[in-house]
Amino acid sequence: MGNGWRENGYFNTDHAHIEVGYAASNRLKLGLEATYMTTESQQPGGLTDQQFAEDSRQSTRERNWFSTPWFVPSLSAEYLVSPKTRLSWKVFGTIAERNSVGFVRQINEEDDLGNRQVDRDYYTTYGSELRLSTDFKFLGLDNSLASGIRYFNGHIDRKQNGVGSNGSEMDFELTSGSEYPRNLDFRNVNYAAFAENVFRFSDKFLLTAGLRLEQIESSNSGQFNVVNGQPQILDPITRTRSFLLAGLGSEFHVTPTTELYSNWSQAYRPV
């Protein structure tokens with residue numbers, strides 16, 4: 001909790017984390033983790049060049065607020081198949097929000113002390129990953145292979161341009177009887193399989209090669225706006241795409257304290 005360098009810069013952050021591990025046997029280990037964090041901050045707003053020159057610490061917004069509560073839980077299990085082979089499984093999720101309320105017109109407009117705009121995002125994601133890693137001999141040297149599969153499901157419920165209160169406190173409730181003119185729904189489902197191998201050709205030189213097969217399904221729907229009392233409904237869109245990604249990295253240890261390395265990898269641009 002504190003106040004920022006500028007006026008109307010109040011902030012408060014609460015954070016909690018719990019982590020529990022349990023050795024069910026000499027081969028099986030179970031784990032639980034959970035992180036909760038919430039941030040509340042007052043947004044002092046921008047400044048024109050003239051305002052900044054006069055007093056860079058001033059603020060013309062005292063009714064703008066931002067909040068981001070997050071909860072991230074996960075469960076894990078790790079099984080030692082053999083001294084050189086390990087199987088791990090993890091289930092994870094996120095329940096979070098991104099909220100703002102305030103007078104959000106151009107900074108050269110004076111706050112009219114009327115109703116403020118409310119925007120809210122709700123995030124719900126969950127997924128699971130199963131991974132197998134093993135060490136083996138190649139050319140008389142120890143090498144490592146990691147492979148696995150992954151599932152992810154993400155959802156965003158986006159509500160914007162709501163009519164909020166005319167107060168000055170952090171209040172994300174809408175005025176009685178009003179609704180969000182923009183109410184959108186975004187979903188993303190991802191399946192992936194991957195493999196990565198570390199090849200050691202000597203005590204000084206190694207290569208890491210990896211492949212990842214992705215399938216992604218993205219969709220959006222909902223109401224974009226209300227014009228003259230008529231809802232503007234988006235045509236639902238769903239896009240599915242699959243692709244193979246590759247990566248290659250190398251390391252050369254010149255001395256015990258100096259190494260040269262290079263990497264090349266592929267990525268994709270989200271829709």
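This is a predicted model: local features need pLDDT of at least 70, side-chain atom pairs count only at pLDDT 80 or more; totals for chains, interfaces and linings use all residues.

Mentor: Contact here means heavy atoms within 4.5 Å.

Ser-67 lies in strand β4, which covers residues 65-67. With a relative accessible area of 7%, Ser-67 falls under the 20% limit and is therefore buried. Neighbours within four places in sequence aside, Ser-67 is in contact with Thr-39, Glu-40, Glu-97, Arg-98, Asn-99, Met-170 and Phe-172.

Residues up to four places away in sequence not being counted, Trp-65 touches Tyr-10, Ser-41, Gln-42, Gln-43, Asn-99, Ser-100, Val-101, Arg-116, Ser-168, Glu-169, Met-170 and Phe-172. In soluble globular proteins, nonpolar side chains tend to be buried together.

A loop between β6 (85-102) and β7 (117-138) holds Leu-113. Leu-113 has a relative accessibility of 55% and so counts as exposed. The phi angle of Leu-113 is near 65 degrees, a positive value in a residue that is not glycine.

From here the description passes to strand β8, residues 141-163, where His-155 is found. His-155 counts as buried because its relative accessibility is 17%, under the 20% limit. The side chain of His-155 makes a polar contact of 2.5 Å with that of Asp-185. Beyond residues up to four places away in sequence, His-155 touches Tyr-122, Tyr-123, Thr-124 and Thr-125, as well as Asp-185, Phe-186 and Arg-187.

Next comes the pairing of the strands. β8 runs antiparallel to strand β9 (residues 182-200), and 17 bridges join the two. Within this pairing, Ile-156 has Phe-186 of β9 as its bridge partner. β9 is in turn joined to strand β10 (residues 205-227) by 18 bridges, again in an antiparallel arrangement. Tyr-191 has its bridge partner, Gln-215, in β10. Four residues lie between β9 and β10, which form a hairpin.

Phe-224 is a residue of β10. Its relative accessibility of 40% lies between the limits of 20% and 50%, so Phe-224 counts as partly exposed. Leaving out residues up to four places away in sequence, Phe-224 touches Pro-181, Arg-182, Leu-184, Gln-232 and Leu-234. Between Phe-224 and Phe-152 there are 72 residues of sequence separation and a C-alpha to C-alpha distance of 26 Å.

The loop between β10 and β11 (230-233) contains Asn-228. At 77% relative accessibility, over the 50% limit, Asn-228 counts as exposed. Although Asn-228 is not a glycine, its phi is positive, at about 55 degrees.

β9 and β10, together with β12 (237-255) and β13 (258-265), each supply at least two residues of its lining. The lining of the largest pocket comprises 22 residues, and those nearest its centre are Glu-196, Thr-208, Ala-209, Gly-210 and Gly-247. The space in this pocket is about 350 Å³.

Definitions and conventions: Residues are numbered from 1 along each chain as its sequence is written. Side-chain values use heavy atoms; hydrogens and water are left out. Buried means under 20% relative accessible area, exposed over 50%, partly exposed in between (1.4 Å probe, protein chains only). A polar contact is a pair of N or O atoms within 3.5 Å; within protein, one must be able to donate a hydrogen and the other to accept it, and residues adjacent in sequence count only if both atoms are side-chain atoms. Two strands pair if DSSP finds at least two bridges between them. On a 1 Å grid over the protein atoms alone, a cavity is a set of points where a 1.4 Å probe fits but cannot get out, and a pocket is an open set with protein on both sides within 12 Å along at least five of seven lines; lining residues have an atom within 4 Å of a point. Grid points are joined across faces, edges and corners, and a volume is the space filled by probe spheres set on the points.
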